[in-house]
Each structure stands twice: as structure tokens, then as C-alpha cells.
Amino acid sequence: IPREQQMSEIGSDYYRGGMLIRRAGHLHPALFFKGLLDLCQARGIPIASKTPVTKLTEDGNGWKVETPRGTLHAGDVIIATNGYTGDATPELKRRVVPVGSYIIATEELSPDLAASISPKNRSIADTRRVLTYYSKSPDGKRLVFGGRAKFGHTDPVETAPILYQFMLDRFPQLKGVKITHAWTGNVAFTLDEIPHMGRFGNMHYALGCNGSGVAMMSYLGHQTARKIAGKVNRTCAFDQPEFPDHPMYNGSTWFLPWIGRYFRTRDWIDRRFG
């Protein structure tokens, strides 16, 4: 979509054109999660929330899983912790880089103002290194706006004003609109920017969705479950023996703020001189 036509898709002249992907769609992640949870509970599958695994030990033909609330035994273990991979699996922790993703939501907008933002109700993401992504809420009354406000792990109260300015850069017509919600969570990047599933010894894993976890973790989880159940007759493209690490990375993300500064500088250069 050339720049002179982009106002038909987005109420902003911030960009220099764009690409429309017609095969994409909207998904309400909280309702998707609820649907998966309801299916598990309907089958009587026990779920232990707020129960971190502190240690994993192979025990005969299965695993001993230690938690602050007690120890249990499992035949198979799948590590699907993505941006929250921790010390219980150090060999996986040093293969994924957790990065904070920050989101704000506006107060309810007038129908005309909401329509001006996204006339065709698209989900939008840009190609900056410090990217942003946004869409209207499911009821069409708010703008839900997210991005890499900071590359370190920061309270969303601190990042909300940064995202608010990002939002105004794209939609000046929202100046004065209040923000009612702000939240954060971790995504996980891999060193080769490719999602991975596979095994370390007898431990299964599905990790490194690179910012597309709702879709990719659902897919990798499904493929891993079929693999354990012996219901596959081909190898998934993401199930490869190589899962890159780096000798200078052990899971500590002290370097992320420096990468963020570099990315912001490159974005400024591209916008100023590109």
C-alpha cells in the first residue's frame, strides 16, 4: 500500500506505506487461554498455578519434579517456559533471551475517533527495530497499543508514558486521551531468531517464539504432544537437533538496555536519512 493510499487502512501519516496481509486475523488471547483451560479442566487434568518448579531429576523411567508445594513424579516433562525459563533448566535458560513486552490501553473512545484510527479494524505492526503493534479492543472502543518501550525489565508504570508518546507520534488525534490500563510480560528470543522444539536427553522443550507466542507456542505444544503420544509420521520443521547458544551468554540479560539504545539510534538514522 503506497503512502498516498495508506489513510484508507490507518488513520496516520507516520509511515511511508505498508503491506496488507489478508491471511491474518484477530484473536482474543485471554479468551483463547480460557478455552484451553476449560478443555483441560473438563478432562480432569490437574493444574497447579503459582507453583514454580525448582528442580528436575530423572527418576527411573520418568522425572521427579520438585516444587515449593511438594514433589511429584511424571513420565514426560515438557519445558514450555519461553520468556520465563529459569534455573531449573540452565541448559535451556542460556538459549533464550527474555525481553519485556509492554502494553497500554486507552479509555473508551468516541465512535468517530475509534474509526479514524483503523477504518477497517486491522491489527497493525511496524518494522522498526523498537517496534510497536496495536489494534482496537474486541469491542472496538479502545486502542490497545504495545511495543518495546524498554529492553530491560521495568515496571509498566514507567513504560506507559513512553508508549503513550509512541502512540501520539502515530495518532496525534489521540492527544489528551487517558490511559486506563498498562501491563507487561516476557517474550523470548533465540540466538538464531527461530522457534525450537526438541529434546535434551529425555526432557522435551518448546521454546523461543520470538514475539509470536500465542500462535507459535500453541503450534509447538501441539506438535510436541503428538510426538510424545507417537502420533506423528514426519518431523516438524522446528524440531531440529541444533538449538544455538553462545559462550558469553548464560541467561543474564544485563546487555539488553545497550541493545535498546543501539536499536533506537538505528531507527532514528533510518527515519531521518532513509
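Modeller: The lining of the second largest pocket draws at least two residues from each of β5 (96-106), β9 (179-190) and α6, where helices (H or I, at least four residues) and strands (E, at least two) are DSSP runs numbered from the N terminus. This is a predicted model, in which local features need pLDDT of at least 70 and side-chain atom pairs count only at pLDDT 80 or more, while totals for chains, interfaces and linings use all residues. Residues are numbered from 1 along each chain as its sequence is written, and side-chain values use heavy atoms, with hydrogens and water left out.

Biologist: What makes a set of points a pocket, and which residues lie nearest the centre of the second largest pocket?

Modeller: On a 1 Å grid over the protein atoms alone, a pocket is an open set of points with protein on both sides within 12 Å along at least five of seven lines, and lining residues have an atom within 4 Å of a point. By that rule the second largest pocket is lined by 20 residues, with V97, F189, L256, I259 and F263 nearest its centre. The largest share, three residues, comes from α6.

Biologist: Why is W254 called exposed?

Modeller: Exposed means over 50% relative accessible area, with a 1.4 Å probe and protein chains only. W254 has a relative accessible area of 60%, and it is therefore exposed. W254 sits in the loop between α5 (213-229) and α6 (256-273).

Biologist: How do you know that β5 and β9 pair?

Modeller: Two strands pair if DSSP finds at least two bridges between them. Here 11 bridges join β5 to β9, and the two run antiparallel; V99 stands opposite V187 in β9. They belong to an open sheet of five strands in the order β6-β7-β8-β5-β9, with antiparallel pairing. Its edge strands are β6 (124-125) and β9, each pairing on one side only.

Key
Buried means under 20% relative accessible area, exposed over 50%, partly exposed in between (1.4 Å probe, protein chains only). On a 1 Å grid over the protein atoms alone, a cavity is a set of points where a 1.4 Å probe fits but cannot get out, and a pocket is an open set with protein on both sides within 12 Å along at least five of seven lines; lining residues have an atom within 4 Å of a point.
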